[in-house]
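Please look through the structure below with its sequence alongside.

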Amino acid sequence: MKKLNVGIIGCGNISDIYLKNCPNYEYLNVIACSDLDREKAIEKAKEYRISALKLDEMYADKSIDIILNLTIPSAHAEVSLKALQSGKHVYLEKPLSISLEDAKKVIEMANEKKLRVGVAPDTFLGGGIQTCKTLIETGEIGKPIAATAFMMSQGPEGWHPNPDFFYQEGAGPLFDMGPYYLTALINLIGPVKRVTSSAQMSLAERTITNDVRNGDKIRVNTPTHVAGILDFESGAVGTLITSFDIFGGSTLPRIEIYGTQGSMLVPDPNTFDGPIQIKKARNESWEEVTLTHGNTANSRGIGLNDMAAAILNGEEHRASKEMAYHVVEIMQGMLTSSKTQQHYKLTSTCTIPKSLPSKRSECS
Ligand SMILES: NC(=O)c1ccc[n+]([C@@H]2O[C@H](COP(=O)([O-])OP(=O)(O)OC[C@H]3O[C@@H](n4cnc5c(N)ncnc54)[C@H](O)[C@@H]3O)[C@@H](O)[C@H]2O)c1
């Protein structure tokens with residue numbers, strides 16, 4: 001079976017799961033890695049038996065078909081543009097970029113060069129969200145009329161070795177975690193036409209509490225609590241709160257969808273698994289639903305594999321740049337709405353990606 005050669009740029013925290021999973025996918029052959037920090041690239045290359053290339057060598061290597069861009073958000077657009085410029089397809093970690101202007105440049109260059117751009121998260125391809133999508137499409141809860149989504153966390157300074165970027169422009173809870181929630185909601189309810197929000201930067205400084213850099217301070221340059229309303233094109237109304245300011249924990253669900261004939265508890269969109277519960281309008285209790293789809297383990301890379309398959313077969317890939325652009329515009333729109341104290345009307349839209357076949361083989 002033909003596979004596409006993948007070169008990774010960015011050998012940080014998230015690179016391990018891709019390096020572990022990719023060899024199990026049908027269409028992927030990871031052959032090299034690179035990083036601004038050469039030592040990191042050499043270390044990963046040794047561990048996973050691939051080549052460590054300098055950045056210019058990576059861009060120039062004609063044998064590489066796809067660049068997997070796992071750099072920090074502020075470098076996403078720059079690295080993606082360089083990869084496209086050198087004639088390679090790109091799959092990158094979320095978000096597509098930290099500004100709408102840069103996102104537009106990436107989309108335009110991909111279109112001009114007729115190259116693919118795929119964007120994480122790909123958790124919506126996991127068994128949890130795919131099963132929810134099937135349940136909605138088969139009318140289990142009727143027509144969705146509202147949704148709530150809550151990402152209530154304490155921030156990553158307790159576990160991430162280099163958490164500084166989470167508190168800079170283009171990150172914060174909305175840009176860091178919002179893509180999981182918004183991508184899931186778009187898959188289940190469709191695109192959004194208007195947003196409004198209030199955003200605040202609650203603490204000017206955060207203290208790192210992980211083992212590596214305990215006590216180091218981070219200056220906060222982005223809102224850390226964002227509460228918003230999403231008006232979907234379908235007419236459904238969503239409530240989304242993303243926060244790094246929840247120090248005492250929360251009992252709120254991750255996502256619930258309310259339909260004309262019942263409600264659905266959607267699993268954490270930062271995972272690939274269930275559980276899913278449904279409560280029909282006349283039923284007394286919530287009932288757990290058996291998942292119809294596989295890929296329930298941490299399957300990061302499934303979106304990249306889907307893109308490689310789509311390139312080889314001349315089809316559309318599911319983790320599309322149009323959906324990722326729409327997600328960035330929703331997030332940017334929420335921050336704009338808070339600043340201007342007005343609704344923000346979306347200029348972009350996207351199609352809901354096709355479901356995966358329910359019996360697609362599981363990759364772990
Ligand atoms: N850490 C996680 O659990 C996690 C989970 C899901 C998604 N992500 C996303 O993955 C991306 C990377 O996150 P991470 O946690 O691995 O970050 P990280 O800081 O651990 O690693 C990023 C790496 O990119 C390198 N880099 C930065 N700019 C570069 C450039 N211009 N060219 C080449 N290399 C460059 C850095 O040297 C670093 O090694 C982010 O977009 C993040 O949102 C992270």
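What follows describes a predicted model.

Six strands form an open sheet in the order β3-β2-β1-β4-β5-β6, and their pairing is parallel. Strands of a sheet pair through backbone hydrogen bonds, in either a parallel or an antiparallel way. At the edges lie β3 (51–52) and β6 (117–119), each of which pairs on one side only. Strand β2, residues 28–34, runs parallel to β3 and is joined to β3 by two bridges.

Thr222 sits in the loop between β10 (217–219) and β11 (225–232). Its relative accessibility is 5%, so Thr222 counts as buried, the cut-off being under 20%. Leaving aside residues up to four places away in sequence, Thr222 touches Phe166, Tyr167, Gln168, Glu169, Ala171, Gly172 and Met201.

The last stop is a helix pair. Helix α6 (residues 127–137) packs with helix α7 (residues 172–189) at an angle of about 25°, and their axes are 9 Å apart. Because angles under 35 degrees count as roughly parallel, α6 is roughly parallel to α7. Their crossing is right-handed. On the α6 side the contact is made by Ile129, Cys132, Lys133 and Ile136, and on the α7 side by Ala184, Asn187 and Leu188. Of these contact residues, five are nonpolar, one is polar and one is charged.

Note on methods
Residues are numbered from 1 along each chain as its sequence is written. This is a predicted model: local features need pLDDT of at least 70, side-chain atom pairs count only at pLDDT 80 or more; totals for chains, interfaces and linings use all residues. Side-chain values use heavy atoms; hydrogens and water are left out. Two strands pair if DSSP finds at least two bridges between them. Helices (H or I, at least four residues) and strands (E, at least two) are DSSP runs, numbered from the N terminus. Buried means under 20% relative accessible area, exposed over 50%, partly exposed in between (1.4 Å probe, protein chains only). Contact means heavy atoms within 4.5 Å. Axes are lines fitted to C-alpha atoms, for helices over the stretch in contact, and angles run from 0 to 180 degrees between N-to-C directions. Angles under 35 degrees count as roughly parallel, over 145 as roughly antiparallel, 65 to 115 as roughly perpendicular and the rest as oblique. A crossing is left-handed if the near helix is turned anticlockwise from the far one by less than a right angle, and right-handed if clockwise. Ala, Val, Leu, Ile, Met, Phe, Trp, Tyr, Cys and Pro count as nonpolar, Asp, Glu, Lys and Arg as charged, and the others, Gly among them, as polar.
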